[in-house]
Amino acid sequence: MTADTITAADIRINARWLVPVEPANTVLHNQAVIIQGDRIAAVVSREEADARFRVRETIDLDHHVVLPGLINMHGHAAMSLFRGMADDLPLMTWLNDHIWPAEGAFINEAFIADGTQLAMAEMLRTGTTTFADMYFFPEIVAQMAHDAGMRAQVCFPLLDFPTPWGSGPDEYLDKGAAFIRDWQGDDYIMPAIGPHAPYTVSDDPMVRAVALSADTGAPIQIHLHETEFEVTEALEKSGRRPTARLAELGVLGTRTQCVHMTQIDESDIALLQQSGAHVIHCPESNLKLASGLCPVQKLEEAGINVAIGTDGAASNNDLDLFGELRTAAMVAKVVAGDAAALPAHQAIAMATIQGARALGREHDLGSLKAGKLADIIAVDLSDPFLQPVYDPASHLVYSNHGRQVSHSWINGIPQVQEGRLTRIDVPDLMLRVQSWSDRIRKQ
Ligand SMILES: CSC[C@H]1O[C@@H](n2cnc3c(O)ncnc32)[C@H](O)[C@@H]1O
Ligand SMILES: [Zn+2]
């Protein structure tokens, strides 16, 4: 190889271990990830990197495992300001008697900005590089994520009743269509449509949401089959399961993300298969609200794409996706009655490539491959709690928690360095959070 075959690049990450996600079930040793601009230029052995690339900056991660940034496919970021405010309640009591009154009293643009920044700080610090959000004032969420350089699918909310963001379906859909127009094509933001749930959105707005998705290509995300109560109430009122109703209305399709799905029978599986809709599994929220559990293994065996989300910090109560993976892997085994259900690599795929697939972004997110966007994280395995290291993939799921994340890059830009956030002023954020919690506590 001669000097003229040497390519200039921006960053070289030397990784002790690498979990590229593609190819599946793979752990590589002593690799180099080369970043040029916002993309991965190469994933090669260190010897090949020496021969082929001259870089501006080299980062040696001698005790670390490097993998694609995690994708948190469901949450309500600003609800972090309600963390721990109403615990130990079932879904409908939690929503009707606590969360919706609190949202009515406190939600405004400043609440959304501060709460979203708090959530992003936690997600970035624990390895998430892309998050999917469904909440009020999506234009503020989008701006905050864009300014922080964090990738986000931001759903505008759609409900039958008024909230601090709109008076009813007409206004939600008008403002939502403008929101999609404003943000579509952005480097960081994927605008999307968020009909809240089958029990809060009637047929006409649901059909108009489907038409908006068809016109714009925007994804739809909806809470679906979260509890047994939701399904039995729908059966009593209309004789149909919510999935059957949504299928008839045209809601289910390849751009649709169904969040929760803890109640599933064979007819639901058939509808998910036929439509190509994605399922977003939120095990910790489902456990905490005693909602039930999604049969992940069964869905994956049926060829349905399952991604993972934390839900909001008011029902979890954290946004650590590594913790969520550990819970998901543990409960999958009990739900399937099979200790082999959801092994470590499959769990990591759920938080990376399968999230990218649900977003329709598999071509440029979710794995460490030349040509994909440089959304990358590193986890430091040098802690005594993580010794010895026989299999780094096992540690990522069963032993690690997100606080071991030492580095992250989004679009090739550093977001976490040596465990510190580079772009969020944490002391200033803490002052604003304190002020919100003082006000909320008084109420
Ligand atoms: C349409 S904005 C989002 C809306 O959803 C509420 N919410 C938060 N978590 C859940 C959940 O697990 N199931 C149903 N609804 C949920 C949130 O408080 C907002 O009002
Ligand atoms: Zn939710």
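# Strands and helices in a predicted model

Me: In strand 14, which residue is the bridge partner of Ile 376?

Reply: The model considered here is predicted. Strand 13 (residues 376-380) and strand 14 (residues 405-410) run antiparallel and are joined by four bridges. Within strand 14, Ile 376 has as its bridge partner Trp 409.

Me: Which residue has Ile 376 of strand 13 as its bridge partner?

Reply: Strand 13 also pairs with strand 4 (residues 53-68), in the antiparallel sense and over five bridges. In that pairing, Ile 376 is the bridge partner of Pro 68.

Me: Are the faces of strand 13 covered or open, and which residues lie on the two sides?

Reply: Five of the five residues of strand 13 are buried, and the strand is mostly covered. In a regular strand, side chains alternate between the two faces of the sheet. Both faces of strand 13 are covered, with buried residues on each: on one side Ile 376, Ala 378 and Asp 380, and on the other Ile 377 and Val 379.

Me: What is the order of the strands in the open sheet of eight strands?

Reply: The pairing in this sheet is mixed. For example, strand 1 (residues 7-18) and strand 4 run parallel, joined by 10 bridges, whereas strand 4 and strand 13 are antiparallel. The order of the eight strands is 3-2-1-4-13-14-15-16.

Me: Which are the edge strands of this sheet?

Reply: The open sheet has the order 3-2-1-4-13-14-15-16. Each edge strand pairs on one side only, and the two are strand 3 (39-45) and strand 16 (420-421).

Me: Which residue of strand 4 stands opposite Thr 7?

Reply: Strand 1 and strand 4 are parallel to each other and share 10 bridges. In strand 4, the residue opposite Thr 7 is Phe 53.

Me: How are helix 3 and helix 4 oriented to each other?

Reply: Two packed helices are described by the angle between their axes and the distance between the axes. For helix 3 (residues 109-125) and helix 4 (residues 138-148), the angle is about 40° and the axes are 9 Å apart. The crossing is right-handed. The two helices are therefore oblique.

Me: How many nonpolar, polar and charged residues form the contact of helix 3 with helix 4?

Reply: Helix 3 contributes Glu 109, Ile 112, Ala 113, Thr 116, Gln 117 and Met 120, which meet Ile 140, Val 141, Met 144, Ala 145 and Ala 148 of helix 4. By class, this contact has eight nonpolar, two polar and one charged.

Me: What covers the buried residues of helix 4?

Reply: The buried residues of helix 4 are Pro 138, Ile 140, Val 141, Ala 142, Met 144, Ala 145 and Ala 148. Their cover includes helix 3, strand 6 (128-134), strand 7 (151-158), helix 5 (169-183) and strand 8 (189-195).

Me: Why is Trp 100 partly exposed?

Reply: Trp 100 belongs to helix 2 (residues 91-106). Its C-alpha atom is separated by 9.0 Å from that of Thr 163, a residue 63 positions away along the chain. Trp 100 counts as partly exposed because the number of other C-beta atoms within 10 Å is 13.

Note on methods: Residues are numbered from 1 along each chain as its sequence is written. Chains are lettered from A and ligands numbered from 1 in the order in which they are written. This is a predicted model: local features need pLDDT of at least 70, side-chain atom pairs count only at pLDDT 80 or more; totals for chains, interfaces and linings use all residues. Axes are lines fitted to C-alpha atoms, for helices over the stretch in contact, and angles run from 0 to 180 degrees between N-to-C directions. Angles under 35 degrees count as roughly parallel, over 145 as roughly antiparallel, 65 to 115 as roughly perpendicular and the rest as oblique. A crossing is left-handed if the near helix is turned anticlockwise from the far one by less than a right angle, and right-handed if clockwise. Two residues are in contact if their C-beta atoms, placed from the backbone, lie within 7 Å. Ala, Val, Leu, Ile, Met, Phe, Trp, Tyr, Cys and Pro count as nonpolar, Asp, Glu, Lys and Arg as charged, and the others, Gly among them, as polar. A residue is buried if 20 or more other C-beta atoms lie within 10 Å of its own, exposed if 12 or fewer, and partly exposed in between; C-beta atoms are placed from the backbone. Two strands pair if DSSP finds at least two bridges between them.
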